[in-house]
Number of protein chains: 2
Amino acid sequence: MSRSRYDVLGIGNAIVDVLARCEDRFLEDNNLPKGHMRLIDANEADRLYRVMGPAMEISGGSAANSMAGLASFGGKSAFIGKVADDHLGEVFGHDLRAAGVTYRTPAATEQGCLPTARSMILVTPDGERTMNTFLGTSTQLGIAEIDAELIRDARITYLEGYLFDPPEAREAFAEAARIAGEAGRKVSLSLSDGFCVDRHRAAFRTLIASGVDILFANEDELLSLYETEDFDQACREARKECELVAVTRGAAGSVIVTPDERIIVPAEPVSDVVDTTGAGDLYAAGFLYGFAKGHDLTRCGRLAALAASEIISHMGARPEHDLKQLAVDRGILKG
Amino acid sequence: MSRSRYDVLGIGNAIVDVLARCEDRFLEDNNLPKGHMRLIDANEADRLYRVMGPAMEISGGSAANSMAGLASFGGKSAFIGKVADDHLGEVFGHDLRAAGVTYRTPAATEQGCLPTARSMILVTPDGERTMNTFLGTSTQLGIAEIDAELIRDARITYLEGYLFDPPEAREAFAEAARIAGEAGRKVSLSLSDGFCVDRHRAAFRTLIASGVDILFANEDELLSLYETEDFDQACREARKECELVAVTRGAAGSVIVTPDERIIVPAEPVSDVVDTTGAGDLYAAGFLYGFAKGHDLTRCGRLAALAASEIISHMGARPEHDLKQLAVDRGILKG
């Protein structure tokens, strides 16, 4: 295996988040499933924007958030995902590159292409986020965009489960995993969302069985994947197929499962949970940074928990503080 | 004087803020005058955006921020300011209306009109903000946009000093003050920025002498206006011309000066100053809300200090918390 130029390459939807606070009542009135990601069309995106409160726009996208987090730790990361040649596309590209992430997927420019994806994220007073995503041009990510050179150059290729929703992207997904596998690189997958797992369970199972090395999931997603209510059983199933499974359990921390061991990692305490958007994405960022740098799994878990705690202490899913410095201050990494 | 439908009407630049954190070194390297507002052209806007860090977009504009703050206190506010028919224009309009502010200035649609204004705001680790504003279509605000009905319907017309920069807007400004005066309404002005006062000192002095009732300024701006280094002298000059002068002094609080008295208002303590963007705007919001509702000046000052403390505790210049509720919780207003 040749030396890698990147620690992690992320592939995912290229989304700008439009975040607004709301009361729980607003979710009920608009039939929005709290805590989940719902796919919406252009009409519903317009309708929801009209009725929602004042917002802020912050670049997002699950795997893109993870890559920005990795860069904040000082890791080398890259991203593949599709924007349009419009204002939000420019914002997305700027923010990712300015965070230090290599990003060179060309913007869609063909006549009649869809606009850049946006997710209207409603944050309730408890800090929980409910996402309403118009995928736009993200659905046009295809095999043509899968930059084989980047994949071969990255120690780990990280795929977000949300990419199972756009059909073309799913093919791109499988192709990326194949190239990574052939190059002797690791493949990592995040299950992203319980409803997403429900929609694409068989496809997820096939991909995992065919060569996912590192799996990220929260408890609900893992239970849904293996159609069980027994957490231990779900872990046993997962460890048969993956070298590593990291399962997040919100305030209860996380569990790292390998064929040989099970490591419990406490959550990093947060005085005020402002917005949980990106908690899983940043958990993956911290974990993958630690893993790519050869740290032991306990430290990988602590870096993951630290990054997640930073992101939920403010609005948006991109880190506002230097994660490397934070890890040094907490004594998790050396200065 | 007829009954008013609005507590305050704000007139100002219609701007979306693009906020990014940076080190002090970045300001020095780019010759950016720390703590001030600098006007930039489209080329410099492009250049600065390319070199600045990951950003978030939050609607801004000094008077618009004040009107959003007023609405958050439960006051009735309206705004006049010019956007283009583009993405940022849509964002600005959405955020202001969603905050509960009446906003009906038509977007510019003529061929070749400039894009919506944006301000690239760099926030240093001390929380200080340094603004770089491309005024875009805000410079096209003219007398045609001055909605006389709104002015006559508002108890107070509030003008931001930054509007002295676009030449057409300055005329609009004078016209608005004239209409308000004729209708027996109050006129309020914020000096906005020390450099802005330097650029337009004579015009500011003329406007103030011709009928500004309530003047907002920070210490530097007031000293610059009267070309003195003696704070007491500046206050004496101002009280000759205005019924009320509110002077902010950062962490030292503020001073409210009338022909008869001088009230010292302490700053509301803030545990972590994240971003000072909008501190003056929200001070004005709290003060004008209290004033329009007939509270005594000490309470007006406390409401002002409270609103300023909320805004500097997070990124951006639009309130993230319900200011009315906050004021009730602190015992400044009754529930």
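This is a predicted model: local features need pLDDT of at least 70, side-chain atom pairs count only at pLDDT 80 or more; totals for chains, interfaces and linings use all residues.
**View 1. Two chains related by a two-fold axis.** Let's start with how the chains sit relative to each other. Turning chain B by 180°, with 0.0 Å of shift along the rotation axis, superposes it on chain A with an RMSD of 0.0 Å. That is the relation of a two-fold axis. To find the axis from the side of chain B, look for B:Glu57, whose C-alpha is the nearest to it in that chain, at 2.5 Å.

**View 2. The contact between chain A and chain B.** Here we turn to the residues that touch across the chains. Chain B brings 19 residues to the contact and chain A brings 20. On the side of chain B that touches chain A, strand 4 (56-59) and helix 4 (87-98) of chain B each supply at least two residues. Which element gives the largest share of that side? Helix 4 of chain B does, with 5 residues. Sorted by class, the side of chain B that touches chain A has 9 nonpolar, 5 polar and 5 charged residues. Of the interface residues of chain B, 100% are also interface residues in chain A, so the copies meet through the same surface.

View 3. Zoom in now on strand 4 in each chain. Strand 4 (residues 56-59) of chain A pairs with strand 4 of chain B in the antiparallel sense, over 3 bridges. Pick out A:Ile58, and you will find its bridge partner, B:Met56, in strand 4 of chain B.

**View 4. Leu288 in the largest nonpolar core.** In soluble globular proteins, nonpolar side chains tend to be buried together. The largest nonpolar core in this model has 221 residues, and A:Leu288 and B:Leu288 touch the most other members. Leaving aside residues up to four places away in sequence, A:Leu288 touches A:Val8, A:Leu70, A:Ile156, A:Tyr158 and A:Ser188.

**View 5. Asn31, a loop residue with a positive phi.** A:Asn31 is not a glycine, yet it has a positive phi of about 55°. You will find A:Asn31 in the loop between helix 1 (24-29) and strand 3 (37-39) of chain A. Why does A:Asn31 count as exposed? A:Asn31 has 7 C-beta neighbours inside 10 Å, and a residue with 12 or fewer is exposed. In chain B, B:Asn31 has a positive phi near 55° and lies in the loop between helix 1 (24-29) and strand 3 (37-39) of chain B. With 7 C-beta neighbours inside 10 Å, B:Asn31 counts as exposed.

**View 6. A hairpin in chain B.** Our last stop is a pair of strands within one chain. Strand 13 (residues 254-257) and strand 14 (residues 262-265) of chain B run antiparallel, joined by 4 bridges. One of the residues to look for is B:Val257, whose bridge partner in strand 14 of chain B is B:Arg262. How many residues does the hairpin use to join strand 13 of chain B to strand 14 of chain B? The hairpin passes through 4 residues.

Definitions and conventions:
Residues are numbered from 1 along each chain as its sequence is written. Chains are lettered from A and ligands numbered from 1 in the order in which they are written. Copies are superposed by least squares on the C-alpha atoms of residues with pLDDT of at least 70 in both. Two residues are in contact if their C-beta atoms, placed from the backbone, lie within 7 Å. Ala, Val, Leu, Ile, Met, Phe, Trp, Tyr, Cys and Pro count as nonpolar, Asp, Glu, Lys and Arg as charged, and the others, Gly among them, as polar. Two strands pair if DSSP finds at least two bridges between them. A nonpolar core is a set of buried Ala, Val, Leu, Ile, Met, Phe, Trp, Tyr and Cys residues joined through C-beta atoms within 7 Å. A residue is buried if 20 or more other C-beta atoms lie within 10 Å of its own, exposed if 12 or fewer, and partly exposed in between; C-beta atoms are placed from the backbone.
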